[in-house]
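Q: Can you walk me through this one? I'd like to start with the helices and then move on to the strands and loops.

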Amino acid sequence: MSDLDLLTQSLARNVKRWRTERGFTLDTLAARAGVSRGMLIQIEQARTNPSIGTVVKIGDALGISITTLLDYEQGPKVRVVPAGQVVRLWHTEAGSYSRLLAGAEAPGPLEMWDWRLMPGESSGSDPHPVGTVEIAHVTAGELTLTVEGTEYRVPAGASVTFEADAAHTYGNQGEIPTEMVLTVSVPPVH
């Protein structure tokens with residue numbers, strides 16, 4: 001079974017498991033996540049590979065991390081994620097990417113990402129649930145973070161924190177690749 005097949009099967013099983021655990025109908029989860037009921041049915045039946053944006057919306061609606069949605073190994077309280085199991089969830093032909101390094105439930109989803117943005121490229125994000133906080137540490141280049149239309153320049157060696165319940169964009173307006181480690185903390189669903 002390929003990595004993609006494994007992730008598709010894990011996503012199907014975990015969406016259904018967490019939807020049931022939360023007591024959500026398909027219609028309820030669809031409304032909370034802003035995705036169609038048909039898309040959820042396809043995901044739960046492992047008949048589609050949804051975009052990362054769709055997976056993020058479903059995770060946010062369920063109050064769990066993407067790592068938990070894609071996790072195919074349930075094990076002990078300590079979890080080492082080998083380099084070969086890091087999941088690349090977004091990329092461009094120019095070489096930009098985001099990789100989900102690790103995640104946990106603490107008490108809501110907590111995720112750590114490795115990002116590379118090539119010169120001139122950007123990646124936008126819809127607002128996350130109220131109370132979501134992101135922390136980014138730039139290790140190379142300069143990040144242009146745009147939150148609600150305001151640009152913030154974050155050079156290598158600097159870090160930024162922000163409330164991520166507003167639309168935001170990570171961009172690279174420089175001449176060299178921007179690299180950063182990003183942590184996302186989403187509050188638990190009540």
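## Helices, sheet and loops

A: The model is predicted. Start with helix 2: its buried residues pack against helix 1, helix 3 and helix 4.

Q: Which residues of helix 2 are buried?
A: Leu-26, Leu-29, Ala-30 and Ala-33. Around the axis they cover an arc of only 100 degrees, so they sit on the same side of helix 2.

Q: What comes just after helix 2?
A: Gly-34, with a positive phi of about 75 degrees.

Q: How do helix 2 and helix 4 pack, in angle and axis distance?
A: The angle is about 110 degrees, and the axes are 8 Å apart. Helix 2 and helix 4 are therefore roughly perpendicular to each other, since 65 to 115 degrees counts as that.

Q: And is that crossing left-handed or right-handed?
A: Right-handed, for helix 2 passing helix 4. On the helix 2 side, the contact is made by Leu-29, Arg-32 and Ala-33. Helix 4 contributes Lys-57, Ile-58, Ala-61 and Leu-62.

Q: OK, now helix 1 and helix 4. At what angle do they cross?
A: At roughly 25 degrees, and their axes come within 10 Å. Angles under 35 degrees count as roughly parallel. Helix 1 and helix 4 are therefore roughly parallel to each other.

Q: Which hand is the crossing of helix 1 and helix 4?
A: Left-handed. Helix 1 makes the contact through Leu-11, Val-15, Trp-18, Arg-19 and Arg-22. From helix 4 come Val-55, Ile-58 and Leu-62.

Q: Next, helix 3. Which residues are buried there?
A: Helix 3 spans residues 37-44, and its buried residues are Leu-40, Ile-43 and Glu-44. Seen down the axis, they fall within an arc of 95 degrees, so they line one face of helix 3.

Q: What covers them?
A: The cover includes helix 1 (3-22), helix 2 (26-33) and helix 4 (52-62).

Q: What follows helix 3?
A: Ala-46, which has a positive phi, near 55 degrees. Ala-46 is not a glycine. Most residues other than glycine have a negative phi.

Q: Where is Ala-46, and how accessible?
A: Ala-46 is in the loop between helix 3 and helix 4. Its relative accessibility is 22%, so Ala-46 counts as partly exposed.

Q: Which other non-glycine residue has a positive phi?
A: Glu-148 is one, at about 50 degrees. Glu-148 lies in the loop between strand 6 and strand 7.

Q: Buried or exposed?
A: Exposed: Glu-148 has 66% relative accessibility.

Q: How many bridges join strand 4 to strand 9?
A: Four, and the two strands run antiparallel. Ser-125 has His-168 of strand 9 as its bridge partner. Ser-122 is partnered by Gly-171 of strand 9.

Q: Which side chains of strand 4 are buried?
A: Ser-123 and Ser-125, which point to one face.

Q: Last one: Gly-141. Where is that?
A: In the loop between strand 5 (133-140) and strand 6 (142-147). At 17% relative accessibility, Gly-141 counts as buried, because the cut-off is under 20%.

Q: What does Gly-141 contact beyond its sequence neighbours?
A: Leaving aside neighbours within four places in sequence, Gly-141 is in contact with Val-154, Pro-155, Ala-156, Ile-176, Pro-177 and Thr-178. Pro-177 is 36 residues away along the chain, yet the C-alpha atoms of Gly-141 and Pro-177 are separated by 5.8 Å.

Terms used: Residues are numbered from 1 along each chain as its sequence is written. This is a predicted model: local features need pLDDT of at least 70, side-chain atom pairs count only at pLDDT 80 or more; totals for chains, interfaces and linings use all residues. Side-chain values use heavy atoms; hydrogens and water are left out. Buried means under 20% relative accessible area, exposed over 50%, partly exposed in between (1.4 Å probe, protein chains only). The arc is that of the directions from the helix axis to the C-beta atoms. Contact means heavy atoms within 4.5 Å. Two strands pair if DSSP finds at least two bridges between them. Axes are lines fitted to C-alpha atoms, for helices over the stretch in contact, and angles run from 0 to 180 degrees between N-to-C directions. Angles under 35 degrees count as roughly parallel, over 145 as roughly antiparallel, 65 to 115 as roughly perpendicular and the rest as oblique. A crossing is left-handed if the near helix is turned anticlockwise from the far one by less than a right angle, and right-handed if clockwise.
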